[in-house]
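This report walks through a structure in terms of its chains, its helix packing and a few backbone details. Please keep the sequence and the coordinates at hand while reading.

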Amino acid sequence: MEELLKLLPAFGEAMLVTLGVSLAGAAIGLVVGFALNALRLAVSAFNLLYQLYIWLIRGTPFLAQLMVIYFGLPVIGLRLSAIEASILSLGLYSAAYFAELFRSAWGSVPTGQVESARVHGLSRGQTFWHIQAPQALAFALPLLGNQVILTIKESAVTSIITVPELTMAAGRIVSTTFSYVLPYALLVLSYWLLTMAVAMTAEYLGRRATRYLRG
Amino acid sequence: MTDFSSRLALYWPALLDGALTTLWLCAASMVLGFLIGVAIHLLCNGRSHLGRAFARVYVSFFRGTPVLAQLMLLFYLPSALNIDVSPLVAAGAALALNSAAYQSQILRSGFAGIAKGQLEAASVFSIGKWKTLLHIQIPQVLRLTSPALISELIDVIKVSAVVSVISITDLMRVSQQLVAQTYRPLEVYLVSAVFYLALTSLLVLLGKYLEHRWKEHA
């Protein structure tokens, strides 16, 4: 018990790093993913580029992408700190998944609604923002929560390039105290709690956002 | 540019070797994960309360924590108990146990897709529970869920890059070794990403082919 209490401050601190890195990454991913989907809808020539991006990001491991950005980019003169590289990689990585989520969410809005909005004289921008976006976002909310969880789990990989997050902290404690069981048990428990908390938040938000559907 | 092609000739055999390690490690974990996944699925629908609770916790645990953390736990925990576990066994176990949680969810829809009448007919013909599972349910489940299982295998391949941290010479580890030799991180990691891309893209094509074939037969 005493040993556990000694570990808690380090784990608390590391958990904040994990949360910060993954939420910052997910935020970038959300914005870039949303933009990718909007561009795909607005400019048909962009579609091929969109598909290429999705294929490249989803076809390779996150660790490989992180390595290219952290170790590869300095070769062409772009040197990022471990945390910056991690946030950027997580952002670019999750953007592909978020973009696909938005694509399916936009597909869930019946085309008839879009057509009738256009017939009634709403511009394409108005249709996008006032007809498609609110319904699509309500549809996507539970899936978005899922993707945030995936981003948190993927952030464990950033320990490999020495970001002081949970996995790194646990490894450091193990290598200084030589006790394995407690730090690693605490490590998986921390992630488990974190992801369950996010899942519950997403479910709550999802229920609130789709309240209008249930009357 | 001729420089690059001669360096590529140097990378190529090592990366191919690593890619093969990645591929067979993932394939083996996938098969083992399928068997555990079936067991988890059966527990989930079993009569025992304890079994159902265990299956729920199992799935939630393995889907709620990072593979890297699971790998650390499986690699270092046994050595704390003075059991020697080789990195390869730890990596295979971590990938299999993790994939089993996801596969049990895929299998759920597969098992649900088999008409109840078949099971009733099997029991009327006094075919035992295990024989029914092995000869009637699993072959159909495999066919029903093959596209989802292929995309799970793709996920396993991508996730397997983390086993490089416990010094398994998979595609990622080989790339790191090449970087240490050549000091050319950008091109080595890009070429290794192309290898991963080739592996996953081939599997996507295989999944499409299977889906197409399955539709023709249905």
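## A loop residue in chain A

A:Thr162 sits in the loop that joins α6 and α7 of chain A. The model is a predicted one, and in it the phi of A:Thr162 is near 65°, a positive value in a residue other than glycine. Most residues other than glycine have a negative phi.

Chain A is built with nine helices and zero strands, whereas chain B has eight helices and zero strands. The C-alpha atoms of chain A fill a box of roughly 70 × 50 × 20 Å along the principal axes, and those of chain B fill one of roughly 70 × 50 × 25 Å, again taken along the principal axes.

Of the 215 residues of chain A, 39% count as buried, and of the 218 residues of chain B, 37% do. When contacts with a separation of 6 or more are considered, residues 24 or more positions apart account for 78% of them in chain A and for 76% of them in chain B.

Residues three or four places apart in an α-helix point the same way, because the helix has 3.6 residues a turn.

Helix α6(A) also packs against α8(A), at an angle of about 170° and with the axes 8 Å apart, and these two helices are therefore roughly antiparallel to each other. Among the residues of this contact are A:Leu141, A:Leu144, A:Val148 and A:Ile152 of α6(A), together with A:Leu194, A:Val198, A:Ala202 and A:Leu205 of α8(A). The residues of the contact of α6(A) with α8(A) divide into 14 nonpolar, four polar and two charged.

## The contact between the chains

The contact takes 27 residues from chain A and 28 residues from chain B. On the side of chain A that touches chain B, α2 (46–59), α3 (62–72), α7 (166–177) and α8 (181–209) each supply at least two residues, and the largest share, eight residues, comes from α8(A). The residues on this side of chain A divide into 21 nonpolar, five polar and one charged.

## The nonpolar core

The largest nonpolar core has 109 residues, and those with the most contacts inside it are A:Leu63, A:Ala64, B:Leu71, B:Ala91 and B:Val162. Helix α4 (residues 82–107) of chain A gives the largest share of this core, 15 residues.

Which residues does B:Leu71 touch, not counting those up to four places away in sequence? They are B:Ala90, B:Ala91, B:Ala94, B:Val162, B:Val163 and B:Ile166.

## Local features of chain B

B:Asp17 lies in helix α1 (residues 2–44) of chain B and counts as partly exposed, because it has 14 C-beta neighbours inside 10 Å. The C-alpha atoms of B:Asp17 and B:Asp170 are separated by 7.9 Å, although the two residues are 153 residues apart along the chain.

Helix α5 (residues 116–124) of chain B is hardly covered, as the count of buried residues among its nine residues is zero. Just after α5(B), B:Ser126 takes a positive phi of about 50°. B:Tyr183 is exposed, because 9 other C-beta atoms lie within 10 Å.

Key. Residues numbered from 1 in each chain as written. Chains lettered and ligands numbered in written order. Predicted model: local features only at pLDDT ≥ 70, side-chain atom pairs only at ≥ 80, totals over all residues. Contact = placed C-beta atoms within 7 Å. Helix = DSSP H or I, 4+ residues; strand = E, 2+ residues; numbered from the N terminus. Nonpolar A, V, L, I, M, F, W, Y, C, P; charged D, E, K, R; others polar. Buried ≥ 20, exposed ≤ 12 C-beta atoms within 10 Å, placed from the backbone. Axes fitted to C-alpha atoms, helices over the stretch in contact; angles between N-to-C directions. Parallel < 35°, antiparallel > 145°, perpendicular 65-115°, else oblique. Core = buried A, V, L, I, M, F, W, Y, C linked by C-beta atoms within 7 Å.
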